[in-house]
Amino acid sequence: MPRDSMLAPPGCVCFSGIVRPLSHRSLERTPSQVTVTGGTSGLYAWIRKDEADSIRELRSCLTDNERIQLQGEPEDIRSDLMMCRFLRGHGNRVPRALKALRNHLKYRRENQKLLIRARAKFPPKQEEVNLDLCLHGDEFNHIVRMLQLPARLGTNDGMPMSCVSLGILVIKLFHTMDDEHLHEWFVSAIEMRSLCLHNQSWREMRMAKVAEVRDCANFSWSSLLRSPLLLRKLAGVLKTATLYPEVMGTILLFNLEPGSRCISLIKNLLPAEMQRKMIFADREDWESVMCATNGLSPSSFPRLTKYVDDIKGTGWQVLTNSTPQLVRSIEVEAKGAFSWLVQLDGQERTPELNVSVQFFSNNGPFPSMTKCCKKKVLTGGSSMVLFKGSFTAAKRGSVILSIELQGKTEAAVYAALAHGDHGVDDVAVRRGSQHKVAPRTQERRTMWLGASVILVSSLVVVGSFLWWSTDGV
């Protein structure tokens, strides 16, 4: 069955209720059957019978010129899957979906040359978002630091992820962005996402959606509105975003400050349907992050921490009241051993750290958590304080080593994970003896990083929440 219509007879394609024969070339990518894993209910449900009727009504409401334009758009844009996204994003109400679809078609007419330039760089069967293929990717990808993970490495329910660790963004760089180039980059990225989700949907026979993941470690929510220039740039991006249908399956915010008033306010303002898509996880609440149906898979989290470590480095770090957490993670094979080491630099003051080591297996439908040791409390003193150990995993999965500062006394810390029973010790001790961190200098750096995360606060919280809530997804 062709992708343009889910319910037309085999060998035909339906545009606005008009059934036309397809060429043999059009049938080359035809799947063997329609209703497979998606089912007719749930977040990733395939097109239902009542929705198919609404899609036909939606197409029939278009003018002749609009139907001709839609027929000439790329497959992922003209398909019934896209029409269904418009419907679901607007409460399955045809008048609202029709208005949104017409605005989208107008946008495509006005940006035709840009869309052609962007699409020219995409492989037609692409399923994995590669921001290097976006227009101006070499200009923006080192500023908009987003890790893209494909479905096989994404959420526990097999959806792709777009991940941002807020603490590694530098707001000063966003001020240098050219507005036109930013618009072109964003259009490229959202068009690529549309294509990738479309191809995954047809391969799996369910409506694929992306999980937006934000690591909120060291993020100051009070800095949300402190950059008018950034918010102005963001407003232009969000104006474009509202012209596309909903594609979000999950929004995961983790490493949140426990008891945050800002988060409580956000929760109270969100509509019920939006809240069902959200996961809010406080700092150290790894079970909510990893064991939820739509949470991070054991394969994804080590890749996210490695991405951050490659930017920030893995040497000694200073934990402060504003940057109280340090996390390491690696993947481990079944029956594989791993070891950990945490080293607290001795000093006159006595900082206190909580250290936990948890293993998450990825055998079975959803991960399960195993505590590799009791939570350890380290207290500083006049000499180095060490905590090390090892564990053998019964199943394949990932381990998370998490260190959290207690109180306001800063602490210089080194932490590492390694495969094997004793793979960390020599490296850690050598680095500890050669590299001492000046806490006050490092604290100024981390305070700057904390102030530099305004982009994502705006991008993910302000922009996305306004976009999703107004679209009714």
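## Pairing of β4 and β5

In this predicted model, strand β4 (residues 161-165) runs parallel to strand β5 (residues 210-215), and 5 bridges link the two. Two strands count as paired if DSSP finds at least two bridges between them. Strands (E, at least two residues) and helices (H or I, at least four) are DSSP runs, numbered from the N terminus. Within this pair, Val-164 has Arg-214 of β5 as its bridge partner.

## The sheet and its helix

An open sheet of 5 strands has the order β3-β4-β5-β6-β7, with mixed pairing. At its edges lie β3 (147-149) and β7 (278-282), each of which pairs on one side only. Neighbouring strands are turned by 15° against each other on average, direction ignored.

Helix α14 (residues 301-312) packs on the sheet and touches β3, β4 and β6 (248-256). The direction of α14 makes about 160° with that of β3. Angles run from 0 to 180 degrees between N-to-C directions, with axes fitted to C-alpha atoms, for helices over the stretch in contact.

## Asn-294

Asn-294 belongs to the loop between α13 (286-290) and α14. This residue is buried, because its relative accessible area is 16% and buried means under 20% (1.4 Å probe, protein chains only).

Leaving aside neighbours within four places in sequence, Asn-294 is in contact (heavy atoms within 4.5 Å) with Thr-155, Asp-157, Thr-250 and Ile-279. The side chains of Asn-294 and Thr-250 are joined by a polar contact of 3.0 Å; such a contact is a pair of N or O atoms within 3.5 Å, and within protein one must be able to donate a hydrogen and the other to accept it, while residues adjacent in sequence count only if both atoms are side-chain atoms.

## Basis of the values

Residues are numbered from 1 along each chain as its sequence is written, and side-chain values use heavy atoms, leaving out hydrogens and water. Local features need pLDDT of at least 70 and side-chain atom pairs count only at pLDDT 80 or more, whereas totals for chains, interfaces and linings use all residues.

Key: Buried < 20%, exposed > 50% of the residue type's maximum accessible area, 1.4 Å probe, protein only.
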